[in-house]
Every structure is written in C-alpha cells, then in structure tokens.
Amino acid sequence: MTKNKTNKFMLMGAAGLLSILIMIAVMAINHVTPFGNRNLLASDVGAQYSPFLTMLQHMLKTHTLSLYSFNVGIGSNLVALISYYLMSPFNLLLIFFKSSQVPIFITLVIILKIGLSAVAMNYFLQRHFETQSWATVLFANAYSLCGFVATNYFNLMWLDSLIWLPLIITGVDQLYRNRKFGMLFGWLSVSIITNYYLGYMTCIFVGLYAVYLVFANREETQSIKSTLKNAWSFIGKVLQIGILSALTSMVVLLPTALEMFKTAKVNTNQNLPWNQFGLDILTQLGMGGTNFNSHLVHAPTIYSSLFVALLVLFYFVHPAISRIYKRTALVMLLVLLLTMWITPLNLVWHMLQEPVGFPFRNVFFYSFFAVMLAFQVWQAGIRQITGKWRWLIPGGLIAALSVGFVAAKWGPKLTDGGIPIENVDTLVKLTINCGYVVVLTIVLFWLSKRVAQVVLVGMVAGELFANFYSGMHGFQFGNQANYERQYQKETMQFQPVANTSNLVRAISKNRNINVALQRYRNYNDSALFNFSDVSSYTSTLTVQDIDLLNNFGAYVRNARRVSNMGLVNPMSAILGAKYNVTTKGAVHRIPEYQGTGMTVPVAFTKVSGKQPFISDNLNDIMTSLDNKNTKFIMLPKVIDQVTDLKTRSRYHYQHVERIKINRTGKLYLDAQSYGINYGRTTVNGKPLYNFRKGTRRFYLIGHFRKGQTVIVKTRARDRTNKRIRFVMLNNQNIRKTLKQHPSAVIRKVGNDSHLQFKIKANSGQYYYLPIPIDSGWHATVNGKSVELKSVLGGLTAVPLTSGTNQVKLAYQAPGIKAGLLLSLLGLIGFGWLEFRNRKRS
C-alpha cells in the first residue's frame with residue numbers, strides 16, 4: 001500500500017513537473033519575465049488583471065481589504081469584481097511580490113496553475129482507470145496544455161477551473177461507484193465560488209457526464225427507460241449535490257448576481273447565424289491552429305495533441321472496447337461539439353450571452369473527455385488494432401487536417417469564426433502535422449515497446465511545446481524593466497493624490513506607464529496606483545455609473561469602459577476631483593474645487609442631470625445652486641452653411657460653422673451621441689481630433705480672444721446639425737457659486753467602506769456626496785438613521801438637520817447576509833445527506 005501511494009504521488013508530481021518544464025521552456029524562449037525582459041501585459045492582462053491584482057495586493061499588505069473601493073470608477077461594490085477577476089486562492093501569493101513585480105507573479109501563477117491542472121488530471125486518470133501507468137503523465141499534459149489553455153492562458157480567472165474539473169469528475173465517479181459524494185460537493189463548491197462563470201459551465205458538464213456514465217455502463221439489451229429508472233437514484237443525487245453546492249456558494253453568488261444585474265450586459269444579437277463555425281474547426285486537431293492574432297475570434301480549440309486525436313479515432317475501432325461504450329462516447333462527443341456549433345445551444349453554455357471575444361469558453365470540457373477516451377484506448381492496448389485500421393485511421397486524420405487547413409485559408413467562412421492562418425505558410429503547417437501523424441503511427445505500431453515509450457515522451461512533450469509556442473505568435477509583450485522603472489516613477493508622481501484618509505479624487509492624464517505596455521489606455525490607472533479617479537474598464541461596470549458619467553461629459557466607449565476624457569474642470573470639481581494630473585505627471589489643483597461634495601438646497605435634488613447636452617446639465621446644476629439668474633454658459637453666434645455630400649456614408653452633410661467669439665476664453669464643442677464625424681472635423685483648417693466613434697463628448701476647441709471668428713468644418717448626420725452646439729463657460733461665476741456652498745472633509749475610517757464628516761446646515765438642506773447611490777450605503781445623522789436620496793441621475797444626497805450634523809456612512813454589499821444564510825443552509829443540507837448516507841452504510 002505504501003509503495004502504491006508513493007507511485008501515485010510520484011506520477012502526479014511527474015505530470016505537474018513536465019507541464020511546468022514545458023511552460024518554462026516556452027516562456028524562456030519568448031524571453032518572458034522572470035526568464036527574460038518581456039511581460040504578458042497585453043489584452044485583458046494589461047488592461048484589467050494587472051491593475052486589479054495590484055489593487056488587491058495593496059489591500060492585503062495594508063490590511064485594508066474592503067468590499068467597496070473608490071479606486072474603481074467613481075466608486076464600486078467590489079464583490080462582483082472580486083468574484084469575476086480575483087477570487088482565485090492563488091492570488092494570496094501576491095504578498096510575496098512587490099507591486100512593480102505583479103507581471104512576474106502573473107507569469108509564475110500561469111505556470112503553476114497549468115502544472116496543477118496536470119497534477120489533477122493525473123489523479124483523475126489513476127482513480128478512474130485504477131492504474132498507475134507511466135502514460136498517465138503524458139495524457140495529463142495533453143489536458144493541461146490543450147488548445148483552450150494555449151489560447152486563453154492569459155485569462156487567469158479561467159485556469160483555476162481546469163484544476164478543479166478532474167477533481168469534480170473524480171467525485172462523480174466516486175458517487176457512482178460507492179455512493180460517496182463529499183468530494184463532488186466540496187470541489188464543485190470550490191469551482192463555483194472561485195469562478196462562477198466557468199463554475200456554471202462545469203455544472204452543465206457534470207450533468208452530461210453523469211448521464212454518460214449511466215448509459216456507458218448499462219447492459220446491451222437494456223432499454224433507455226429501464227436504464228433511467230435504475231439510475232434515477234444516482235442522477236437524483238447528482239442534482240441534489242449540484243443544488244447544495246450552488247446553495248453553499250451563495251455567499252458569493254447572491255451579492256455578485258445582484259451587482260451584475262446592474263451592468264449593461266450585451267443582449268444576444270438576433271442576427272447571429274445558426275451555426276458557429278465551419279470546416280475550419282478541423283485545423284484545431286493539429287498544431288498551430290490558432291495564435292494570439294486570432295484570440296478574439298476563432299474556431300473551437302479542440303486540440304489536445306495529435307497523439308490524443310489519433311487515439312480517440314482508434315477508440316471507435318478498438319476490438320476490446322464494447323459497442324455500448326463506443327456508441328455512448330460518440331453521442332457524448334457529438335453533444336459537446338453540436339452544443340458549440342448550434343448557436344442557441346452555445347449560448348446556453350455562456351449564460352445566454354454572446355461572448356465578446358474569446359469564444360467557445362466551454363471547449364476544455366471536450367478536451368477533458370477526449371483525453372479520457374484516448375487513455376482508455378491506451379490502457380486497452382493500442383497494438384490490438386487490426387492491420388487495415390492502422391493506416392486508415394491515420395489517413396483519415398491527415399485528410400481531416402488537409403480539409404481544415406484548406407478551408408481556413410481559402411474556403412468560405414460559415415461565420416466569422418474562421419481563423420486566419422498566419423506567420424507560416426499553410427502548406428508548411430499542414431506538412432508538419434501530417435508528417436507528425438505518420439511518424440507517430442510508426443512509433444505506436446512498429447517500434448519496440450520500450451523504445452516507443454521513450455520516443456513518445458519526447459514527441460508528445462515536443463508537440464505540446466510547439467503548439468503553445470505557436471499560439472503565442474503575435475502576442476504584444478510589454479517590457480518588464482521599463483514597467484518596473486515607470487511604475488516606481490509614476491507611483492512617486494501620484495503620491496500627492498494617492499489614497500489618504502480623506503475622500504479626494506484626481507483626474508489623471510498621466511501616461512508614463514504606457515512606454516512599458518502596448519495599446520494600454522489607462523482606464524484602470526486608479527486601481528494600479530491607488531488613487532481615486534472616475535475612469536474604469538471592467539465587465540462589472542454598472543449602467544447607472546456609465547450613464548451619469550456620460551451626462552457629466554466623460555467618454556464612454558462601450559458597456560465596459562468609461563474614461564475621464566471630456567470632463568471639464570467644473571464637472572470634475574462637482575464630482576469631487578481636487579487635482580488634474582498631466583500627461584507628464586505634474587499635479588495641478590482644479591480651481592473650481594471647493595471640497596468633496598457640498599451643502600445644497602432642495603432645488604439641487606430635483607436636477608435630473610439627463611439633458612441632451614452636457615452644457616445644459618452643467619447649467620441646471622449651477623442654476624439650482626444660485627437663484628440670481630447668473631450666467632454660467634454662453635452660446636456664441638453661429639452661422640451654419642450646409643452642403644449635401646450625396647454619399648453613402650452615415651454622415652451625409654458638410655457643415656461650415658462660422659463662430660463669432662463674444663468673450664475671451666475657451667470654446668467647447670458640445671456633441672450628442674453620434675452627432676458628427678470627428679475624423680473629418682477641422683478648426684480654422686487644422687484637424688480637431690481623430691476618434692473612432694462620434695460618441696457624446698464635450699470637446700475643447702481652443703482658447704480665443706473676443707472678436708475672433710472661428711471656422712469649424714465637420715461632417716454630420718443631420719442637415720440642421722441639431723446634435724451639436726458651441727459653448728463658452730463663465731468659470732468665474734461657477735467658482736463664485738460653488739464657493740457659497742460649504743463643504744466638509746470626508747474622512748475614510750479604516751477603508752473605503754466607512755465614511756464620516758461634520759457639517760453645519762440650515763433646515764431642509766442636503767449634503768451632496770459625489771458617490772454612486774447604492775442600497776448598500778447606510779447613513780446616520782447625529783446617530784439617527786436617514787434615507788439617502790438619488791440626485792443628478794445616480795449620485796447621493798444626505799438629508800441634514802439645522803445646526804451641526806455628524807454624518808456617518810457604512811457600506812455593506814447587498815445580498816451578503818442573505819447569501820451567508822443560504823450558504824449555511826447548503827452546508828447543513830450537505831451535512832444531513834452525509835449523516836443519512838453514513839447511517840445507511
């Protein structure tokens with residue numbers, strides 16, 4: 001028994017070590033830190049994971065872990081963000097790294113997770129097939145380095161699920177064989193809690209696998225009805241455990257769901273094709289089927305080595321494998337493929353939402369099942385395959401690869417899932433794959449077993465390495481030395497505005513860190529450098545925050561990104577921004593800032609903040625604070641000359657605007673959504689901006705003297721050009737009015753979840769707080785609970801009493817208490833089932 005245990009752990013260790021060595025080789029050849037000077041800060045890693053991991057690291061090291069933060073957007077409930085990006089237990093290892101070394105942590109944790117995936121798969125193969133064969137090491141690596149991993153390794157949140165899956169399926173086997181369900185319950189709960197998105201998919205696969213077990217192990221003559229009747233107890237138990245696991249996860253799921261319901265999730269496109277991919281999927285059987293250039297759009301990455309693909313085909317002609325197993329396995333494979341190919345079924349896997357990039361996130365379940373079938377063939381004896389099949393099957397695989405590569409390169413695409421074949425000529429890639437199949441066939445059938453074993457280890461390891469290396473082609477690496485240097489430099493620059501004990505925001509245009517990354521847009525700099533801004537790029541951004549910031553003039557690119565670009569000083573000050581940080585890192589105080597929030601009259605609470613023009617929103621706010629008919633915005637005289645372009649473009653009209661400047665100052669263009677084509681806009685003959693989309697914005701055209709004439713040429717959708725206007729602001733009147741409304745020092749007590757301040761007020765006044773209204777905030781004034789009021793389309797106002805007001809606000813994520821209660825019920829339910837099961841035993 002001791003020897004068996006030693007062998008078991010040695011094989012698991014060998015599987016993990018082989019994966020780690022392959023990954024180290026891939027990273028070292030690509031000079032990725034810590035094996036070189038490149039880092040993986042591209043795509044979502046640079047834009048989201050790295051900033052959020054850095055924010056988490058700061059919280060862990062300073063013991064300020066909180067479920068609310070002003071470093072994400074204008075202020076955010078962090079439950080959804082944590083569960084979406086940061087819930088992996090491996091993130092606790094961040095405490096051993098410096099903030100500037102987070103990219104090094106990212107590389108190492110990717111390698112670690114892939115290695116542990118191999119360990120878990122090796123454990124499953126040993127338990128499922130009751131063997132301690134050396135071959136479990138190879139097959140475990142075919143799973144841990146499958147096509148899904150080679151394409152999505154930089155999506156850190158998904159890799160954990162590949163570790164949990166073999167352990168969960170081992171739990172299903174355990175329940176089927178001896179009615180023990182503790183392992184299934186435990187690991188399925190861990191999977192859901194650490195990544196609810198892939199955890200949801202895992203629950204679907206568990207159901208499919210349970211049905212597969214039932215039908216694969218039935219008698220040949222047994223009817224479907226009789227099979228289901230006999231297996232109902234097992235299937236029912238799987239459903240029970242699944243429900244209890246989901247219930248136990250509610251401490252995370254419920255508050256996350258309540259927050260995600262507030263986001264602007266993209267509705268499923270009604271014009272989606274019925275089928276999701278074409279014959280190009282056949283390229284995914286071999287090496288080099290996709291790479292980083294096609295990471296957003298590609299066919300399902302069903303690759304798990306040509307070795308596995310060949311054995312899966314041999315599965316259906318192997319004489320030692322029963323027909324019932326073959327038929328059931330074929331149905332299972334078809335179900336997994338068809339539910340990716342048929343659009344409505346594919347959407348079921350993805351929570352009824354069309355994935356925005358990184359498609360077919362459920363494909364690793366196919367790889368898992370394929371590896372399992374391949375190992376079954378290996379265990380049954382590959383050399384039992386009869387003569388004619390020894391060449392017909394490899395020939396069929398070569399034919400499939402040929403069709404796939406030709407279809408991907410030259411054939412029609414049934415959808416835009418067709419992948420580009422880049423970097424290496426298609427014929428070269430096809431030749432390499434076909435030659436590999438031929439050599440592999442010779443090794444499997446004609447070399448001596450001992451020699452074949454040695455050669456196979458090298459061939460499979462080399463193949464997995466080659467595919468992963470090819471998959472990294474086109475990756476936009478960052479420069480780690482530059483990153484560490486610029487991170488430290490920018491941290492010092494942000495020191496005056498970095499989070500202190502007071503709530504103060506800064507509008508940052510600092511771009512120094514960009515020299516260390518490619519295509520970084522600075523949306524999450526506030527999380528990266530620990531200060532409060534309003535910009536954010538996250539899938540957990542709420543509709544309310546997007547709309548209200550857009551109404552203030554912030555640039556909204558899509559449902560996941562909002563930038564401080566477009567915010568003028570008065571709007572920034574009203575949002576509680578005290579500082580502007582320039583592109584070079586200089587810090588300047590915003591002249592209009594009088595404090596974070598202010599006492600306001602009832603009239604202020606009635607301003608909707610939802611006017612079509614941003615300048616009207618500013619004017620409404622200022623007018624509600626001053627009832628003396630003070631002028632805050634001025635509209636200069638404009639003469640508009642229109643020409644019909646008679647083109648098929650969306651922008652049919654050429655406008656020539658002659659603007660007479662009636663006072664010295666800054667001139668702004670205030671544009672509604674999709675009003676004009678900014679790429680074709682000039683000011684006195686010089687281009688204005690070259691933005692991709694004509695979104696709603698407040699543009700600074702320039703500073704002009706009284707009496708000047710400014711000529712603006714632009715292309716627009718409307719003949720009357722009602723979607724735009726030209727505006728000048730009276731900053732002196734704005735500052736004077738804001739100064740008349742007292743502000744308090746908003747102190748953070750411990751972390752961002754607790755605020756308090758003191759302010760004197762008159763009866764009927766409110767204190768306006770530039771934080772999003774949220775049911776999680778609870779306020780007291782002089783010790784008495786008060787109801788917060790929504791103002792300006794989604795910000796907060798606290799009702800005050802006459803005299804001195806001691807105001808305290810505390811945040812508790814909605815759903816936390818109810819979720820905790822449901823989790824306790826789930827644990828109690830599992831305990832009861834376990835007690836009954838043991839009693840019966």
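The following questions and answers cover selected local features of a predicted model.

User: How are residues numbered, and which pLDDT limits apply?
Analyst: Residues are numbered from 1 along each chain as its sequence is written, and side-chain values use heavy atoms, with hydrogens and water left out. In this predicted model, totals for chains, interfaces and linings use all residues, side-chain atom pairs count only at pLDDT 80 or more, and local features need pLDDT of at least 70.

User: In what order do the four strands of the open sheet lie?
Analyst: Strands here are DSSP runs of E with at least two residues, helices are runs of H or I with at least four residues, and both are numbered from the N terminus. Two strands pair if DSSP finds at least two bridges between them. The pairing in this open sheet is antiparallel, and the order is β12-β20-β15-β18.

User: Which strands are the edge strands?
Analyst: An edge strand of this sheet pairs on one side only. Residues 633–634 form one of them and residues 697–704 the other. The edge strands are β12 and β18.

User: Which residue of β20 is the bridge partner of I633?
Analyst: β12 pairs with β20 (residues 724–729) in the antiparallel sense, over two bridges. For I633, the bridge partner in β20 is L729.

User: At what angle does helix α24 run to β20?
Analyst: Helix α24 covers residues 614–625 and lies across β12, β15 (665–671), β18 and β20. Contact means heavy atoms within 4.5 Å. Axes are lines fitted to C-alpha atoms, for helices over the stretch in contact, and angles run from 0 to 180 degrees between N-to-C directions. The angle between α24 and β20 is about 40°.

User: Are D616 and R725 buried or exposed?
Analyst: Buried means under 20% relative accessible area, exposed over 50%, and partly exposed in between (1.4 Å probe, protein chains only). D616 has 19% relative accessibility, and R725 has a relative accessible area of 18%. D616 is therefore buried, and R725 is also buried.

User: Which residues are joined with E259 into one salt-bridge network?
Analyst: E259 forms a salt bridge with K262, with the closest N and O atoms 3.4 Å apart. E259 is buried at 5% relative accessible area, whereas K262 is partly exposed at 33%. Salt bridges that share partners join E259 into one network with K262 and D774.

User: How many salt bridges does a search of the whole structure find?
Analyst: One of them is between the side chains of D752 and K748, at 3.4 Å from N to O. D752 is buried at 9% relative accessible area, and K748 is buried at 10%. The search of the whole structure finds 10.

User: Why is strand β27 described as largely enclosed by the rest of the structure?
Analyst: β27 spans residues 795–799. Strand β23 (residues 766–772) pairs with β27 in the antiparallel sense over five bridges, and Y768 stands opposite A797. β27 is largely enclosed because the number of its five residues that are buried is four.

User: Which residue in the turn between β26 and β27 has a positive phi?
Analyst: Three bridges join β26 (residues 789–791) to β27 in an antiparallel arrangement, with S790 and T796 as bridge partners. The two strands form a hairpin with three residues between them. The turn residue, with phi of about 55°, is L792.

User: Which residues are joined by a cis peptide bond with omega of about 5°?
Analyst: Most peptide bonds are trans. P34, one of the two residues, is found in the loop between α1 (2–29) and β1 (38–39). The cis bond joins T33 and P34.

User: What is the relative accessible area of S305?
Analyst: S305 lies in the loop between α11 (250–260) and α12 (306–315). Its phi is positive, near 95°. S305 is buried, with a relative accessible area of 1%.

Methods. A salt bridge is a side-chain nitrogen of Lys or Arg within 4 Å of a carboxyl oxygen of Asp or Glu.
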